[in-house]
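The following exercises ask the reader to work through a protein structure step by step. Each task is followed by its solution.

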Amino acid sequence: MKIRLMVSEEKYAEIYKQLTAKGFEIDDGADLILSEKNVYVKYLIGRRGEEMFRLDVKNVTHIESFAHDIIAYSGGEEYKLSERLRRLEEILDPKDFIRVSNSAIVAVSHIKSIRPAFTQKFLLTMTDGSKVDVTRTYYYIFKEFLGI
Amino acid sequence: MVVASGIIIVILMAILVPAVTVVIYLVFYRRKINKRLAEGNLGGKPMMSPIAFFTRTFICVTAVAFVIIVNLIFALSPNTKGRNDGFAGTRTLAIKALPDFYLEDSPFEGYTPGADIKGYDKYEMTDGLVTFYYYKIRGNMQGVLPRLMICPVCDTFDEYPMVSFRAKFDGGFNELGASGSSDNGALYAVDCDGYEGDLIFNVYYFTPNQEDMVNAPGQLYDETFQDKAEIFGTFNIDLRYPEPEE
């Protein structure tokens, strides 16, 4: 059985050993995840065409959902993720990533500029030039988070 | 009219001021948050959102505008200017020259200058060569007959003179003028029930050869009337009602 391991580096080797001894196969692309509380991922597995990529979360500017597809933007490229936005919100470090609408999560360090609107909205321009809206629902959460 | 214009201006200002200030605030807010973002100075005290700024500004400006409107209404409304000493609102004010043919079949029929009129108390006043006989209505006829009758007479003319008058009602903060012409020794009825103020009644006598000049439209104004007139007299009367006796 394939399992994805999401634990701290200190515990990784020991858990890896125990799970493989029990017959589990550790695979970053597995749907089943074993995670440790308050440990956040440093890499995401994204798919572009037939290829799988290991994405450093530091390079991810934002993640958007389009219908059933979840797209991560990194280095000017688009990668399809298998996790739902709700799950990504949990596994990404909340100090670095913030949910700004029902369909988008942005990396705070990749926000280039913020354009406030009168109607309780922000329009974010990311470092890769793409635009992301902060909707009314997340307006005050975003404001509080950034302290603006 | 002034009050209405004032209110409209204040309401427009109450809308415009918050609108303009919120646009300025949006520009300021945008600069500030982007500066914080660029400097990495995040996590500070959040600034007021533009909508909150607009709401607060609107409430403050509306409150101020309301106070201004209320003050404007009280300050400029005629009914609030002092006591009831002006002709506030619509009040009938009329002054009319009554040549002889007007007097037929009336209580004034057969009137001759200086004669008594039933229902009126007669008074006399002289200004230069002009004698004013004036008649104040008695209480029982108040509201039935004209309040005041004036009969100016000037006997120095050999020929039949042309007579013009200018009257000015001056009470409270309003002023109303009237003008016209009639014959020498004609009666003037002043009907102004409820008016409390002064009446200034000027009468001008012109020789017949001045008649064309006087009748030419727009030729003579109040200032020149007095200079051009052969003879002129002024009659002032206080038309305020006496305070009721205890």
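The exercises below concern a predicted model, and they begin with the contact between two chains.

**Exercise 1. Describe the extent of the interface between chain A and chain B.**

Solution. Step 1: count the residues involved. On one side stand 18 residues of chain A, in contact with 19 residues of chain B. Step 2: consider the area. The size of an interface is often given as the accessible area lost when the parts come together. Between chain A and chain B, about 1500 Å² is buried, and carbon and sulfur atoms give 66% of this area. Step 3: find the leading contributors. P116(A), F118(A) and I148(A) supply 39% of the area that chain A buries against chain B, more than any other three residues.

**Exercise 2. Determine which elements and which kinds of residue make up the side of chain A that touches chain B.**

Solution. Step 1: identify the elements. Strand β11 (111–117) and helix α3 (136–146) of chain A each supply at least two residues of this side. The largest share, seven residues, comes from β11(A). Step 3: sort the residues by kind. The side of chain A that touches chain B comprises 11 nonpolar, three polar and four charged residues.

**Exercise 3. State how many salt bridges and how many polar residue pairs join chain A and chain B, then examine a salt bridge within chain A.**

Solution. Step 1: take the interface. Between chain A and chain B there are zero salt bridges, while five residue pairs, both members at pLDDT 80 or more, are in polar contact. Step 2: turn to the whole structure, which holds 12 salt bridges over all chains. Step 3: take one pair. The side chains of K11(A) and E36(A) form a salt bridge at 2.9 Å, N to O. K11(A) belongs to helix α1 (residues 9–21) of chain A, and E36(A) to the loop between β3 (33–35) and β4 (43–48); the pair, 25 residues apart, links distant parts of the chain.

**Exercise 4. Locate two residues other than glycine that have a positive phi.**

Solution. Step 1: in chain A, Q120(A) has a phi near 50°, and Q120(A) lies in the loop between β11 and β12 (121–126). Step 2: in chain B, D105(B) has a phi of about 60°. D105(B) is found in the loop between α3 (100–103) and β2 (120–127) of chain B.

**Exercise 5. Characterise a surface patch and a loop residue of chain B.**

Solution. Step 1: the patch is nonpolar, and its members include I8(B), L12(B), L16(B) and I24(B). Together, the residues of the whole patch have about 720 Å² of accessible area. I8(B) lies in helix α1 (residues 2–39) of chain B. Step 2: L129(B) lies in the loop between β2 and β3 (130–137) of chain B. Step 3: beyond its neighbours within four places in sequence, L129(B) is in contact with V153(B), C154(B), T156(B) and I231(B). The C-alpha atoms of L129(B) and D155(B) are separated by 7.9 Å, although the two residues are 26 residues apart along the chain.

Definitions and conventions. Residues are numbered from 1 along each chain as its sequence is written. Chains are lettered from A and ligands numbered from 1 in the order in which they are written. This is a predicted model: local features need pLDDT of at least 70, side-chain atom pairs count only at pLDDT 80 or more; totals for chains, interfaces and linings use all residues. Side-chain values use heavy atoms; hydrogens and water are left out. Contact means heavy atoms within 4.5 Å. Buried area is the accessible area (1.4 Å probe) that two parts lose on being put together, summed over both. A salt bridge is a side-chain nitrogen of Lys or Arg within 4 Å of a carboxyl oxygen of Asp or Glu. A polar contact is a pair of N or O atoms within 3.5 Å; within protein, one must be able to donate a hydrogen and the other to accept it, and residues adjacent in sequence count only if both atoms are side-chain atoms. Helices (H or I, at least four residues) and strands (E, at least two) are DSSP runs, numbered from the N terminus. Ala, Val, Leu, Ile, Met, Phe, Trp, Tyr, Cys and Pro count as nonpolar, Asp, Glu, Lys and Arg as charged, and the others, Gly among them, as polar. Patches are made of residues with over 30% relative accessible area and no salt bridge: like charges are joined within 9 Å, nonpolar side chains (Val, Leu, Ile, Met, Phe, Trp, Tyr) within 5 Å. Accessible areas come from the Shrake-Rupley method with a 1.4 Å probe; for residues, only the protein chains shown count as cover.
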